[in-house]
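User: Could you walk me through this one? I'm new to reading structures, so please spell out the terms as we go.

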Amino acid sequence: MSDVPRFWRESNHRYRLVGTKCNNCGSTFFPPRDVCPKCRRESIGKMEELEFSGYGEVYSYTVVHDGLEPFKFQLPYILAMIKTDEGPLVTGQIVDADPSEVKIGSRVRVTLRRIREEGKTGIIQYGYKFILEK
Amino acid sequence: MRDVYIIGVGTTKFGELWDKSLRDLATEAGLKAITDAGIYSEDVNALYGANTSAGQFIDQEHIASLIADAAGLSELGIPSIRIEAGSASGGAALHEAYLAVASGKYDTVVVGGVEKMTDVPPEEANKIVGGSLDAEWETFFGVTEASLAAMIAKRLEYEGKMKREDYAHIPVVSHKHGSMNETSHFRNSIKLEDVLKASYVAQPLTIFDCAPLSDGASAIVISSNRQLINSSENPVKIVSSEISTDYLSLHDRTSIYSLNAFKRSSKKALESAKISKEKVDILELHDSYSIIGLLQLMELYGEKEAMNLVRNEELYWDKSRPTNTSGGLKAHGNPLGATGIYQAVEATLQLRGKAGQRQVKGAKYVLLHNMGGIGATSVSTVLGVE
């Protein structure tokens, strides 16, 4: 995971929560989709970008104790599925909170944070995390 | 479509097998299977190999050719194909091989599965296992398979559909069965309290809720050749085999705890087998995580009945709904590519009446479920004897 284009091409989606909307059925998607899974062929040429508000609530969460290498200095960390106000679930970390403060149903908003980095010399990858609305 | 039978099975022990390489494991399982079938390599028309991630675990791709070579088949030049579908690779390979034989293209095929997971450190292995998830929208943000299973469990508890103890019961059953199976990764029994008190992987799941990283290989010989079937001791029929898929990412699904791919594949498999689920004597489910094992029971029997089965301890080999008599992925082990093939080995032993201490009396039908990731691929297979 070290090539710049691979991360650069997703930056709109990961920095600004840009998903898609199907203008055939009105469904919203995050992450973005090229084809609507409900309309399929009917959605060709009808998918357009949609910037999500970044607000939502905790649908479910966990505290990860045994994590992947790039996240080992963050352990234990809170990971959640967020039910966005637009509908789709988005998976990401909840930061600046103690696990005891997080509940299913808690309101959250998006924040841009460092996600991981490729060693000392590689690129630093940014993206969305969530913070509790207090 | 022709009738297809399993005429031979073989497996290595599962576990941390530091003295064995991928090719040693695959060869051992394959040769045991053809010996068990009473055939020679010349009788084999093709090889289907299931392997999930050898490219990452041991820097080796082109596994199909490697395994044929290691098994001494190079001079015969038979077709050999690798199938990959995450941790459902074994079930998927069995499905493809079954179609190839049923269609009449091949008469006799060896289907093997192998994974060598302990040549890399556990953190590295966990990353590779996560390759079955969505790399860009799940793992990039710190998601692991266990964390997804944990979030499913948390949501179900929140909705009041189950209690922590309900799914903690699944690994207890698997370990009991695993203790009776000599090829198991783990042969110790555990108690419910052990599961609850162990260290967390992803809250509320502990290490005892999660299947281990294992090395291992399993193989079966399947055939439509009447002569070979008749001369084999206890042929087991592949009654049906169905695959279904679902959204790759858990967050994209209509419900995070509906295993739609399993629902569809198991329904179709039972329909094509023309049997009701009550006729299934043994279940081999994909208990990669305790909660995922319980979800499969819920999909199959409905919420209420599934809870009754767990709470009344009906899943043991000598009770009403024997489940994971092999020890399941939790105790027998989960060497990704081999996992789905071992399920067929266990079912064959049971249907032959050769499962020893854990034998389910008079078993006629077994339903196998092999799953990729957290349910994005599901393979349901019905094996039976008349």
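User: Which residues of H5(B) are buried?

Analyst: Quick background: this is a predicted model, where local features need pLDDT of at least 70, side-chain atom pairs count only at pLDDT 80 or more, and totals for chains, interfaces and linings use all residues. Residues are numbered from 1 along each chain as its sequence is written, chains are lettered from A and ligands numbered from 1 in the order written, and side-chain values use heavy atoms, leaving out hydrogens and water. Helices (H or I, at least four residues) and strands (E, at least two) are DSSP runs numbered from the N terminus, and buried means under 20% relative accessible area, exposed over 50%, partly exposed in between (1.4 Å probe, protein chains only). The buried residues of H5(B) are Ala125(B), Ile128(B) and Val129(B).

User: Why do they sit on the same side of H5(B)?

Analyst: An α-helix has 3.6 residues a turn, so residues three or four places apart point the same way. The arc is taken from the directions from the helix axis to the C-beta atoms. These residues are on the same side of H5(B) because their arc around the axis is only 100°.

User: How many residues of chain B are in contact with chain A?

Analyst: Contact means heavy atoms within 4.5 Å. On the chain A side, 36 residues take part, and for chain B the number is 28.

User: Which element gives the largest share of the side of chain B that touches chain A?

Analyst: The elements giving two or more residues to that side are helix H5 (122–129), helix H6 (145–158) and strand E5 (200–202) of chain B. With 6 residues, the largest share comes from H6(B).

User: What is the distance between the closest N and O atoms of Glu136(B) and Arg14(A)?

Analyst: A salt bridge is a side-chain nitrogen of Lys or Arg within 4 Å of a carboxyl oxygen of Asp or Glu. Chain B and chain A have 3 salt bridges between them. Glu136(B) and Arg14(A) form a salt bridge, and their closest N and O atoms are 2.8 Å apart.

User: Is Leu17(A), with its positive phi, buried or exposed?

Analyst: Most residues other than glycine have a negative phi, and most peptide bonds are trans. Leu17(A) has a positive phi near 55° and lies in the loop between helix H2 (11–16) and strand E1 (18–22) of chain A. Its relative accessible area is 5%, so Leu17(A) is buried.
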